[in-house]
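Subject: Structure for your review

Dear colleague,

Please find below the sequence and the structure that I am handing over to you. My findings follow directly after them.

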Amino acid sequence: MTDKTKGTPTPAQAQAAGPTPAQGPQGVARGLTNYGDTGFSLFLRKAFIKGAGYTDDALSRPIIGIVNTGSSYNPCHGNAPQLIEAVKRGVMLAGGLPMDFPTISVHESFSQPTSMYLRNLMSMDTEEMIRAQPMDAVVLIGGCDKTVPAQLMGAASAGVPAIQLVTGSMLTGSHRGERVGACTDCRRYWGRYRAEEIDAEEIADVNNQLVASVGTCSVMGTASTMACLTEALGMMVAGGASAPAVTADRVRVAEHTGASAVALARSRLTPDRIITGKSIENALRVLLAIGGSTNGIVHLTAIAGRLGIDIDLAGLDRMSRETPVLVDLKPSGQHYMEDFHHAGGMPALLRELRPLLHLDALTVSGRTLGEELDDAPAPFPQDVIRSPAAPIYPVGGLAVLRGNLAPGGAIIKQSAANPALMEHEGRAVVFEDAEDMARRIDDDALDVTAQDILVLKRIGPTGAPGMPEAGYMPIPRKLARAGVKDMVRISDGRMSGTAAGTIVLHVTPEAAIGGPLAYVQNGDRIRLSVARREIALLVDDAELARRMAAAPVTRPTAERGYRKLFMQTVTQADQGVDFDFLRAGATRDTVPKP
């Protein structure tokens with residue numbers, strides 16, 4: 001990006017905009033600590049902040065909070081210090097006062113039991129720190145899978161003008177002449193190692209090459225998906241989703257984000273005016289067109305739910321039937337995020353989707369999506385972002401399944417599934433929970449064939465807890481050694497957006513609260529028909545009722561702390577796995593519209 005980036009205010013424009021009519025105290029006078037004396041509260045606050053060397057001139061300017069999620073445990077955010085400095089530069093050039101502050105940092109592979117378990121905690125931290133500290137707008141710096149949704153959830157609830165800055169994707173590496181990147185290639189090589197196709201020396205060698213720099217996964221996993229969806233929502237500067245973490249483009253995006261935050265502070269453009277039913281529909285359209293992570297629908301549902309917007313899964317499936325996959329990225333395609341960036345990134349994709357989008361949706365620039373696209377760079381020849389006339393997959397990446405096994409719905413990433421398995425009936429091989437699977441999946445005595453259907457219970461929101469990405473069940477070792485690469489797998493959990501396979505996820509209601517999945521037994525027949533959008537347990541209603549009566553399920557609980565809060569209040573996948581008390585009190589819209 002350059003200083004001529006369309007839709008982002010220049011420093012001069014940001015200053016020229018001037019303040020809007022007062023809407024309560026601004027700047028350092030916002031949200032004063034309660035000492036029973038308003039004047040003293042402000043006097044004391046200014047006295048303490050002046051201890052850090054600030055002048056009255058500095059403190060008279062719009063204050064821009066900058067959320068710092070840097071952590072030694074989070075290599076996805078390894079460039080956070082550089083981004084913070086660039087945001088500060090943009091803020092100061094535009095006449096604002098930058099103030100960075102820390103919040104929880106959540107990394108996918110460094111969070112036990114799962115990062116999803118901590119997403120809602122991070123959203124609460126983000127919301128409350130925005131509320132607690134004086135800021136006229138806030139820049140949210142995040143990247144790894146659950147951090148961007150947590151920040152958008154928190155910002156939506158806090159109601160302060162906000163703008164998202166993602167850390168950007170990592171670069172790709174090279175293993176024995178083959179380009180590799182996290183984490184689709186992580187799973188592919190690990191699968192080969194389990195199948196004994198490669199040895200311990202090679203798996204160690206590739207381990208050194210899969211993550212070639214700091215930044216988020218280099219494929220269309222959850223982090224990249226959320227970056228793209230955030231731009232589609234209008235909560236990011238135009239073109240801000242795709243620049244890799246360690247590039248000058250990413251730093252320039254950060255500077256422009258800082259300047260845009262000052263303009264947001266002056267205009268008082270709050271998230272509820274940007275995240276609307278129309279912008280949610282735009283984001284859903286992009287989710288389908290990028291072959292995005294199945295996690296994207298859970299996170300979008302949670303973000304929308306904070307503002308009283310419900311997502312209708314049947315409507316999502318209707319959209320999927322008319323929205324082809326246009327982005328050729330792993331795991332649905334072949335390329336990586338840096339290729340997507342070089343091909344023009346989100347502006348180029350949105351141009352192809354233009355006839356299907358709500359162009360009057362507002363963005364953080366204060367302009368509509370249509371106005372942003374009118375000023376987007378001209379197209380040029382490339383092979384990563386396809387036209388609707390030449391998609392990489394003829395319909396959307398996700399399909400919604402229903403049936404007696406999933407009355408509340410289930411999701412399959414059809415663009416990354418095996419076409420030969422998407423119409424399949426097989427015998428259930430059942431694992432009662434993750435521990436049961438870990439004990440038996442590689443036992444050569446396991447009674448399983450490639451035609452069977454693997455079923456994993458109790459990895460849903462409460463069952464695990466935290467809905468881990470264990471839905472990507474490994475192929476049983478004896479089948480992997482025989483060359484089996486994919487099987488139908490069903491669970492109430494999630495899978496990484498980097499994964500591929502014929503995998504049914506988010507079965508709702510989950511087994512741990514008594515959903516039908518809890519009563520599947522070894523040997524039951526299950527039918528999957530993606531064409532009919534069906535996932536059916538071929539057991540008659542009377543037998544299913546008998547099983548339920550014989551073994552009623554008690555919802556799991558915890559004795560104390562955050563786990564107790566989580567277990568008592570977390571919602572199911574169709575409501576975003578958010579806490580029920582954090583969702584809006586009333587529904588004001590339902591999307592997609594018929």
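Helix H12 (residues 277-289) and helix H14 (residues 313-321) pack at an angle of about 55 degrees, and their axes lie 10 Å apart. Angles under 35 degrees count as roughly parallel and those from 65 to 115 degrees as roughly perpendicular, and H12 and H14 are therefore oblique to each other. The crossing in which H12 passes H14 is right-handed. On the side of H12 the contact is formed by Glu281, Leu284, Arg285 and Leu288, and on the side of H14 by Leu316, Met319 and Ser320. Sorted by class, this contact of H12 with H14 comprises four nonpolar residues, one polar residue and two charged residues. Please bear in mind throughout that the model is a predicted one.

H12 itself has 13 residues and reaches 18 Å from its first C-alpha to its last, close to the 18 Å expected at 1.5 Å a residue. The helix is mostly covered, with 12 of its 13 residues buried. Among these buried residues are Glu281, Leu284, Arg285 and Leu288, which also take part in the contact with H14. Just after H12 comes glycine 291, with a positive phi of about 60 degrees.

A second pair of helices may be set beside the first. Helix H6 (residues 147-158) packs with helix H13 (residues 295-305) at an angle of about 10 degrees, the axes being 8 Å apart. That angle makes H6 roughly parallel to H13. Their crossing is right-handed. Pro149, Leu152 and Met153 of H6 meet His299, Ala302 and Ile303 of H13 in this contact. Its residues divide into five nonpolar, one polar and no charged.

H5 spans residues 115-132, which is 18 residues, and reaches 25 Å from its first C-alpha to its last, close to the 26 Å expected at 1.5 Å a residue. The buried residues of H5 include Tyr117, Arg119, Met122, Glu127 and Ile130.

Strand E3 (137-142) is likewise a partner of helix H4, whose buried residues pack against it and against strand E1 (63-68), strand E2 (97-102), strand E4 (162-166) and helix H10 (248-267). H4 (residues 80-93) has 14 residues and reaches 20 Å from its first C-alpha to its last, close to the 20 Å expected at 1.5 Å a residue. Ala80, Leu83, Ile84, Ala86, Val87, Lys88, Gly90 and Val91 are the buried residues of H4. Glycine 95 follows H4, and its phi is positive, near 95 degrees.

Finally, I draw your attention to a single residue. Serine 174 is located in strand E5 (residues 173-175). Is serine 174 buried, partly exposed or exposed? With a relative accessible area of 41%, serine 174 is partly exposed, because that value falls between the 20% limit for buried and the 50% limit for exposed. Its contacts, leaving aside neighbours within four places in sequence, are Arg179, Val180 and Gln209. Serine 174 and glutamine 209 are 35 residues apart in sequence, while their C-alpha atoms are 6.0 Å apart in space.

Yours sincerely

Definitions and conventions
Residues numbered from 1 in each chain as written. Predicted model: local features only at pLDDT ≥ 70, side-chain atom pairs only at ≥ 80, totals over all residues. Heavy atoms only, no water. Helix = DSSP H or I, 4+ residues; strand = E, 2+ residues; numbered from the N terminus. Expected span 1.5 Å × (residues − 1). Buried < 20%, exposed > 50% of the residue type's maximum accessible area, 1.4 Å probe, protein only. Contact = heavy atoms within 4.5 Å. Axes fitted to C-alpha atoms, helices over the stretch in contact; angles between N-to-C directions. Parallel < 35°, antiparallel > 145°, perpendicular 65-115°, else oblique. Left-handed = near helix turned anticlockwise from the far one by under 90°. Nonpolar A, V, L, I, M, F, W, Y, C, P; charged D, E, K, R; others polar.
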